[in-house]
Amino acid sequence: MPLSPNLRGALFMVVAMVGFTLNDAITKYSSQSMNMAQVMLIRGAFASLFVGLLAWQRGALVQPRLMLQPLVAIRVLSEAGATVSFLVALAHLPIGSVSAVLQALPLAVTMGAALFFGEAVGWRRWLAIAIGFAGVMIIVRPGFEGFSVYSLVALASVACCTVRDLATKRIPQAIPTMLVSTATALAMTVVGAFLLTPLGGWTPMTGKSTALLALAAVLVLIGYQFIIMAMRSGEISFIAPFRYTALLWSILLGLIIFGDIPDMPMIAGAAIVVVSGLYALYRERIVGRRRIVAESTGRAMAPEGL
């Protein structure tokens, strides 16, 4: 029995989170021997090569001017801002802490979808959003011992990711997903090259470090592809909460690879954010069941053709 667009999008989101989390762990490990701009440059070059070949094979590069479509450009620019701020935070904070802050993203996207797209969000979900952001403040703990300015940098990444996902939802279906992925990978490479000198210049690389960044490129490519497919498959407010699966992987990898043990404020704040997001998901499903047939089987339920 074929999956509905919402369930298909949720599955795509889980796959994307696995790819991104493994990429994050490799990226953080690589940052111990080179600056983040070099990581972006090398990883972006590999990703551009891989996705470019796939896009060419599938005929997605027939109209490269579509990369300049305003919504694609907004997505690429916001992705660049999100990547830079995320990598800076990742280099200075435990991977689990950065991931915990990013768990606010589904709530931020749900709020954005309501404010800008007119998606129905009742008072209960607005309350869940408010409580979720209170949980983020517990993680960030501004003004208290343990506060790091890099937590605010992680929050900046959340803001950029929100713009990215909202723009992705509105990209015309006629624009191939692989073309969007190619534009994104190329942009990350250019940004890395631009920031290389300001962040300390080039560090000689070993075969191991090169191979790791090539693997990271494959993983981030998987993440790009599946997150675009996810955000274009169904309703944002249903799909976005499945990002929470990334937190479990981040904490586990942080413990195994880097020996990072999450403290109580991070655990408590992350739990509040996750529970708030899951409640928002629950309310979305309740509201969905109350819709009449004409409202629940419209265009959003049709296959997207990806």
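How many helices and how many strands are there in the protein chain? In this predicted model, for which local features require pLDDT of at least 70, side-chain atom pairs count only at pLDDT 80 or more, and totals for chains, interfaces and linings use all residues, the protein chain contains 13 helices and zero strands, where helices (H or I, at least four residues) and strands (E, at least two) are DSSP runs numbered from the N terminus. Residues are numbered from 1 along each chain as its sequence is written, and side-chain values use heavy atoms, with hydrogens and water left out.

The radius of gyration of the protein chain, taken over C-alpha atoms, is 19 Å, in agreement with the value near 19 Å for a compact globule of 306 residues under the rule of 2.2 Å times the number of residues to the power 0.38. Along the principal axes, the C-alpha atoms fill a box of roughly 60 × 55 × 35 Å. Of the 306 residues, 50% are buried, the term denoting under 20% relative accessible area, with exposed meaning over 50% and partly exposed the range in between (1.4 Å probe, protein chains only). The accessible surface comes to about 13900 Å², and carbon and sulfur atoms account for 72% of this area, as computed by the Shrake-Rupley method with a 1.4 Å probe. Among contacts (heavy atoms within 4.5 Å) between residues at least 6 apart in sequence, 89% join residues at least 24 apart.

The unreviewed UniProt entry places the feature "transmembrane region" at several spans, among them residues 7-26 and 76-95; UniProt positions are given in the numbering used here, feature names are shortened, and annotations may be inferred rather than shown by experiment. In the model, residues 7-26 are 100% helix and 0% strand, with end C-alpha atoms 29 Å apart, whereas residues 76-95 are 90% helix and 0% strand, with end C-alpha atoms 24 Å apart.

The structure holds four salt bridges, each defined as a side-chain nitrogen of Lys or Arg within 4 Å of a carboxyl oxygen of Asp or Glu. Residues R75, E79, R164 and D165 are linked in a network of such bridges. R164 forms a salt bridge with D165, the closest N and O atoms being 2.9 Å apart. The relative accessibility is 5% for E79, which is therefore buried, and R75 is likewise buried at 1%; R164 is buried at 5%, and D165 is buried at 1%.

A further salt bridge joins D263 to R141, with closest N and O atoms 3.0 Å apart. This pair links distant parts of the chain, 122 residues apart, with D263 in the loop between α11 (245-258) and α12 (264-290) and R141 in the loop between α6 (123-140) and α7 (149-170). D263 is partly exposed at 34% relative accessible area, while R141 is buried at 14%.

S78 lies in helix α3 (residues 70-92) and is buried, with 8% relative accessibility. Residues up to four places away in sequence aside, S78 touches C160, V163 and R164. The structure holds zero disulfides, a disulfide being a pair of cysteine sulfur atoms within 2.5 Å. For C160, the nearest cysteine sulfur is that of C161, 7.1 Å away; C160 is partly exposed at 22% relative accessible area, whereas C161 is buried at 6%.
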